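Come and read along with me.

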Amino acid sequence: GGARPEEQQAGQARGLRAAEATMPATGGDSKGEDYSTAILRQKHRPNRLIVDEAANEDNSIVCLSQAKMEELHLFRGDTVLLKGKKRRETVCIVLTDDSCQNEKIRMNRVTRNNLRVRLGDVVSVQACPDVKYGKRIHVLPIDDTIEGLTGNLFEVYLKPYFLEAYRPVHKGVEEQD
């Protein structure tokens, strides 16, 4: 008699594994690297951080751990460019936060909305050293944001927000308070 069908299948599977073991990895390069599993390896991108809730509600500030600040060669008070989804970007001041995990960045709801990201999404952070001091900015209120407000909007809202405060401003960004 011949071998049972289960034994034939097992033998074929063993033969297949042996054949696979002797063949070079497909899609690899001359160093023997297998590209078919490359997606499983995490690339080291220190400037890609997970969005977390801010401890403060300042629209101009994001917080990183001290270790992450050092890794990215940033100093307390530096201006950083943040890139979110849908090609959205903004500028903020970076500060340290001892309670912030190394792979996270803390930002408030307004900053998240400007970047079109939610808690848990990933943003990129990079130093933005050449921010020029602005002499003027043009603020256009959105109709529904000033509905029902009366009085001098400049004196009541804008002047206290910008005067005597270093606030980086990015063209096209919505600042809400």
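This is a predicted model: local features need pLDDT of at least 70, side-chain atom pairs count only at pLDDT 80 or more; totals for chains, interfaces and linings use all residues.

**Entry 1: a lysine in a helix**

I started with lysine 68, which counts as buried because its relative accessibility is 6%. Buried means under 20% relative accessible area, exposed means over 50%, and partly exposed is in between, with a 1.4 Å probe and protein chains only. Residues are numbered from 1 along each chain as its sequence is written, and side-chain values use heavy atoms, with hydrogens and water left out.

I found lysine 68 in helix α2, residues 66–71. Helices (H or I, at least four residues) and strands (E, at least two) are DSSP runs, numbered from the N terminus. Which residues does lysine 68 touch, not counting those up to four places away in sequence? I noted Pro46, Leu49 and Asn102; contact here means heavy atoms within 4.5 Å.

Alanine 67 also went on my list, and it lies in helix α2. At 44% relative accessibility, alanine 67 counts as partly exposed.

**Entry 2: the whole protein**

Next I stepped back. How many helices and strands does the protein have? I wrote down five helices and six strands. Starting at the N terminus, I read the order as α-β-β-α-β-β-β-α-β-α-α.

The protein has 177 residues, and 25% of them are buried. Among contacts with a separation of 6 or more, I noted that 70% join residues 24 or more positions apart. The accessible surface comes to about 13,100 Å², and carbon and sulfur atoms hold 52% of it. Accessible areas come from the Shrake-Rupley method with a 1.4 Å probe, and for residues only the protein chains shown count as cover.

**Entry 3: a strand residue**

I then picked glutamine 126, which sits in strand β6. Glutamine 126 is partly exposed, because its relative accessibility is 36%. Leaving aside neighbours within four places in sequence, I listed its contacts as Val80, Leu81 and Lys83. Glutamine 126 and lysine 83 are 43 residues apart in sequence, and their C-alpha atoms are 8.7 Å apart.

**Entry 4: positive phi angles**

Where does arginine 87 lie? I found it in the loop between β3 (79–83) and β4 (89–96). Arginine 87 is not a glycine, yet its phi is positive, about 60°. I also noted that arginine 87 is exposed, because its relative accessible area is 82%.

Arginine 116 has a positive phi of about 60° too, and is not a glycine. I placed arginine 116 in the loop between α3 (109–115) and β6 (122–127). Is arginine 116 exposed, buried or partly exposed? It counts as partly exposed, because its relative accessibility is 35%.

**Entry 5: around helix α5**

Asparagine 152 caps the N-terminal end of helix α5, residues 153–162. I looked up the atoms: a side-chain oxygen of asparagine 152 lies 3.0 Å from the backbone nitrogen of phenylalanine 154. After α5 comes glutamate 164, with a positive phi near 60°.

Definitions and conventions: A polar contact is a pair of N or O atoms within 3.5 Å; within protein, one must be able to donate a hydrogen and the other to accept it, and residues adjacent in sequence count only if both atoms are side-chain atoms.
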